[in-house]
Amino acid sequence: MQNDRIQQPAIMPNTQPSAPVYKAFRSSILHLLGDPGENLNTEQVEYWEDGLLLTKDGHVVTAGDAETLLPELPANCALTEYPDQLIIPGMIDTHIHYPQTDVIAAYGTQLLEWLEAYTFPAEQQFSDPEHALEVTTFFLNELLRNGTTTALVFGTVHPESVDSFFQVAEQLNLRMIAGKVLMDRNCPETLQDTPEQGYRESKALIEKWHGKGRLSYAVTPRFAPTSSPEQLDRAAQLLDEYPDTYLHTHVAENTGEVKWVSELFPENRSYLDVYRQHRLLRPRSVLAHCIHLDEQDKQCMSDTGTAAAFCPTSNLFLGSGLFDLGGFREHGIRVGMGTDVGGGTSFNMLRTASEAYKVAQLRGKKLSTFQALYLATLGGAKALYLDNKIGNFEAGKEADFVVLNFKGTPLIERRMQHTTTLHEKLFALMMLGDDRAVSATYVMGDLAFAA
Ligand SMILES: [Zn+2]
């Protein structure tokens, strides 16, 4: 008999709550409880060499020592073992553009020219929902292959781009934040909306998707040069009407861009001040790059609860500049890490972290692997105001996690034989690792990718 011929039993009203599904994962386990700071301080690091992560219905019950927890596992709890590997929380990318997937690694330009030459032509194709769906599917699978389970994502100006994105993200049960770009000037006509149209289309997308499953909406003006003052005001109106949505944009990435903004908004003290004046700085506002900002700008971000997305591969690739992580920490500003694909050159957060380390070096600072992992997990969750849901393995959080392989490449495996401390081991993995170091990715306790 064929499966599709099997008679399904009539659906009965279910008065009994279904039995909880427990799953346990045995491996080395590491997560962060807070920002470990710039040195090798391990106070905020929790690590179990032989650890166990227990989940119930897709949420964390506990993480701890395997020997202690194994005898207490609930009956019928499935046990999956990853010997000699490392489980960490799912990584969080706080700034990425899915429509730029196909222009990653494009030669020879800095920001403004790069937008004209590569990005705007690529984004014009996203009025076609089929194209958007195909790119989304590739993009989300690429994130999962790289151990990224949550991202703050740019669409294009077309509402179709966001519909397609959320449709696939919902099917994969991913915690994702995205929005349609608002852009009413200084760009090709085919990529322009108007303040009213942008407001209306964003509102419809918010009503349709925000809070559905694990999805959230971000009001997304591309950046000050491509939005009129009227459009920035309409963006703030959306944030007022839907206070738990996000604001996602760029600021002070490139010196040419900063100069352009000073010409477009001569009355404002600084680039950041444009966003302040238009009431876009608030909790759940995330600004990518934040390179050319002064002390007053940083204080303003801190006072308003605005977060920064540090995008090192992009900042180096486009020659934009060196992010001042230490300065942002001193001001108590929330900072996450972003790949900024396609200005960034990798979907992988280990690669991104290794470039973040080099940016710190060029500023005469050190970025420990503990702090880099913090930025890629709990720090990102805090930047997105999602640390009550994701970012580490505290009880009750959503069980999104990654299994990292210390034998992912012959070189990593060889280098591991010459490490003694946990930090040495993690640092070598961070500097040498990429998607080949990810052996599995889990979403709400379910396997979503396996190498
Ligand atoms: Zn960007």
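Visitor: Are His95 and His250 buried or exposed?

Guide: Both His95 and His250 are buried, a term for residues under 20% relative accessible area with a 1.4 Å probe and protein chains only, whereas exposed means over 50% and partly exposed lies in between. This is a predicted model, in which local features need pLDDT of at least 70, side-chain atom pairs count only at pLDDT 80 or more, and totals for chains, interfaces and linings use all residues. Residues are numbered from 1 along each chain as its sequence is written, and side-chain values use heavy atoms, with hydrogens and water left out.

Visitor: What makes Asp340 count as buried?

Guide: Asp340 has 3% relative accessibility and therefore counts as buried. Asp340 also has a positive phi of about 50° although it is not a glycine.

Visitor: Which residues are the protein donors of the zinc ion?

Guide: They are His95 (NE2), His97 (NE2), His250 (NE2) and Asp340 (OD), at 2.0 to 2.3 Å from the zinc ion. Donors are N, O and S atoms within 2.8 Å of the metal (3.2 Å for Na, K and Ca); water is not among the atoms, so sites may look incomplete.

Visitor: Why is the arrangement around the zinc ion called irregular?

Guide: The 4 donor atoms subtend angles of 86 to 171°, which makes the arrangement irregular. Four donors count as tetrahedral if all angles lie between 85 and 135 degrees; four count as square planar and six as octahedral if opposite donors are over 155 degrees apart and all others between 65 and 115; anything else is irregular.
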